[in-house]
Amino acid sequence: TVCDVPGLIAGAHQNVGLGHEFLRHIRRCKILVVLLDMAGTDAREPWDDYHSVLKELELYDRSLVTRPRLVVANKMDEGGE
């Protein structure tokens with residue numbers, strides 16, 4: 001099962017935005033792939049984004065952060081702002 005979870009935002013575990021609609025699909029996935037924007041757009045640090053995703057997953061369902069996970073770095077060729 002593959003699940004694309006765009007726009008997972010702070011508070012998703014409390015159903016902010018489309019939180020639960022996105023998060024419930026993740027439960028069916030055996031392996032998680034976290035795609036990080038390394039360009040640091042919108043004055044955000046990639047590592048902060050990573051921790052934010054993990055926090056939302058854990059607050060929604062603690063078992064999600066124990067699943068195997070790959071981290072993929074995207075936009076490595078772009079300079080940060």
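The model is predicted, so local features need pLDDT of at least 70, side-chain atom pairs count only at pLDDT 80 or more, and totals for chains, interfaces and linings use all residues. Residues are numbered from 1 along each chain as its sequence is written, and side-chain values use heavy atoms, with hydrogens and water left out.

**Layout**

The protein chain holds 2 helices and 2 strands, in the order α-β-α-β along the sequence. Helices (H or I, at least four residues) and strands (E, at least two) are DSSP runs, numbered from the N terminus. Of its 81 residues, 28% count as buried. Here buried means under 20% relative accessible area, exposed means over 50%, and partly exposed lies in between (1.4 Å probe, protein chains only).

**Helix α2**

Helix α2 covers residues 46–60 and spans 21 Å from its first C-alpha to its last, close to the 21 Å expected; the expected span is 1.5 Å times one less than the number of residues. Which residues of α2 are buried, and which exposed ones sit on the face turned away from them? The table sorts them.

| Group in α2 | Residues |
|---|---|
| Buried | Pro46, Asp49, Tyr50, Leu54, Glu56, Leu57, Tyr60 |
| Exposed, on the face turned away from the buried side | Trp47, Asp48, Lys55 |

The buried residues of α2 cover an arc of only 160° around the axis, which puts them on the same side of the helix. That arc is taken from the directions from the helix axis to the C-beta atoms.

Leucine 57, in helix α2, counts as buried because its relative accessibility is 4%.

**The nonpolar core**

The largest nonpolar core has 11 residues, among them Leu23, Val34 and Leu57. Such a core is a set of buried Ala, Val, Leu, Ile, Met, Phe, Trp, Tyr and Cys residues joined through side-chain atoms within 4.5 Å. Two or more of its residues come from each of α1 (19–26), β1 (32–37) and α2, with α2 giving the largest share, 4 residues. In soluble globular proteins, nonpolar side chains tend to be buried together.

Leaving aside neighbours within four places in sequence, valine 34 is in contact (heavy atoms within 4.5 Å) with Tyr50, Arg69, Leu70, Val71 and Val72.
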